Amino acid sequence: MTRMVTVGAAQMGPNALVESRKAVVQRLIVLLEQGARHGCDLVVFPELALTTFFPRWYFESQDDVDAFFERSMPSLHTRPLFEASKKLGVGFYLGYAELTEEDGHTRRFNTSILVDASGQIVGKYRKVHLPGHAEHEPWRQFQHLEKRYFETGNLGFPVFRAFGGIVGMAICNDRRWPETYRVMGLQGVEMILIGYNTPVHNPPAPEHDNLSHFHNELVMQAGAYQNGSWVVGVGKGGCEEGVDQIGNSVVIAPSGEIVSACTTLGDELAIARCDLDLTQSYKSSVFNFAKHREPASYTLIVERKGAVISV
Ligand code: ING
């Protein structure tokens, strides 16, 4: 019996700074209901889906920053989303800013959760690759202070048995690093869910701006093909507080082909029926890691002060 998962890439248009959690959650529920009407098993929302992308600003006060974080999940404002998930029998991936107390310390992460069709959290991931900078850089058209507001994720890249297969998660900049996909690929991942907020303009490298969509698709198509996995990439689109975001949400097959895509910059659901068994066509042939990878040969010989070390 083939293992089909019908997935909805639930792209969001801009989240205004003043937009309430309640109003944003209502938009998410509308997309989840749309997914249910089209037979979705799983709906994927963007990174930091509950608020505007607040790392674009420098805040003096920690209280101002913490206003963007969730102290529990489900929280008061997101509980209606979990209830809708249970009622509709549709799971979801949600990106949000997590504030938690761990080992007696307050910790802040850029986090995503995987919720199953019964509205239960079955997986959590905390963003590892935090782009941008930690100090205020006024020369920039807008800031990118993820290194200031979040800690590096401390959960690794776990995979979870869910939706009839093996599902993994990543967040935004993670998708640009091949290690992200390979660490999950080595765990047999069959579908990788990635929410993102990506501006068209990247202040340190404006010469890349015209390639923002190409690079977005390139990294996820490569990650999918080279690990024989489905990849669902879901962004925010449109002009959010003066910053143009790419949108460009896609569903990618293990072949690397884009099989479904959003074509607007607003709230939009792109749907695809994903056969998880298609992953075997790649995992058992071209990317049969046990047969064809040679990790023992992947050492980097660095000559330093006469000593040769392998790393
Ligand atoms: N955003 C961007 C991303 O990796 C970025 C940062 C933009 C990096 C453009 C390079 C080029 O898609 C987040 N939130 O990681």
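Start with helix α1 (residues 21-37), which lies across β1, β2 (42-44), β3 (91-102) and β14 and runs at about 40° to β14. A word on terms: helices (H or I, at least four residues) and strands (E, at least two) are DSSP runs, numbered from the N terminus. Axes are lines fitted to C-alpha atoms, for helices over the stretch in contact, and angles run from 0 to 180 degrees between N-to-C directions. This is a predicted model, in which local features need pLDDT of at least 70 and side-chain atom pairs count only at pLDDT 80 or more, while totals for chains, interfaces and linings use all residues. Residues are numbered from 1 along each chain as its sequence is written, and side-chain values use heavy atoms, with hydrogens and water left out.

Helix α3 (residues 79-88) also packs on the sheet, touching β3, β4 (105-115) and β5, and its direction makes about 145° with that of β3; touching here is contact, meaning heavy atoms within 4.5 Å. The sheet itself is open, with six strands in the order β5-β4-β3-β2-β1-β14 and mixed pairing, where two strands pair if DSSP finds at least two bridges between them. β5 (121-126) and β14 (268-275) each have a single partner strand, so one side of each is left without a neighbour in the sheet. From one strand to the next, the twist averages 35°. Look at strand β1 (residues 4-11) beside β14: the two are antiparallel, with eight bridges, and Met 4 has Asp 275 in β14 as its bridge partner.

Now for the other open sheet of six strands, ordered β6-β7-β8-β9-β12-β13, again with mixed pairing. Its edge strands are β6 (159-162) and β13 (258-261), each pairing on one side only, and the twist averages 20° from one strand to the next. Inside it, β7 (residues 165-171) and β8 (residues 191-196) run parallel, joined by five bridges; Val 167 stands opposite Met 191 in β8. Helix α5 (residues 178-185) packs on this sheet, touching β6, β7, β8 and β9 (230-235), with its direction at about 160° to that of β7. Helix α6 (residues 212-227) lies across β8, β9, β12 (250-252) and β13, at about 25° to β12.

Where does Val 234 sit? Its place is in strand β9. Val 234 counts as buried, because its relative accessibility is 0% and buried means under 20% relative accessible area (1.4 Å probe, protein chains only). Leaving aside neighbours within four places in sequence, its contacts include Ala 9, Val 44, Ile 194 and Ser 249.

Finish at Asn 288, in the loop between α7 (280-283) and α8 (289-292). Asn 288 is buried, with a relative accessible area of 18%, and is in contact with Tyr 282, Lys 283 and Arg 293, leaving aside neighbours within four places in sequence.

Technical notes: Buried means under 20% relative accessible area, exposed over 50%, partly exposed in between (1.4 Å probe, protein chains only).
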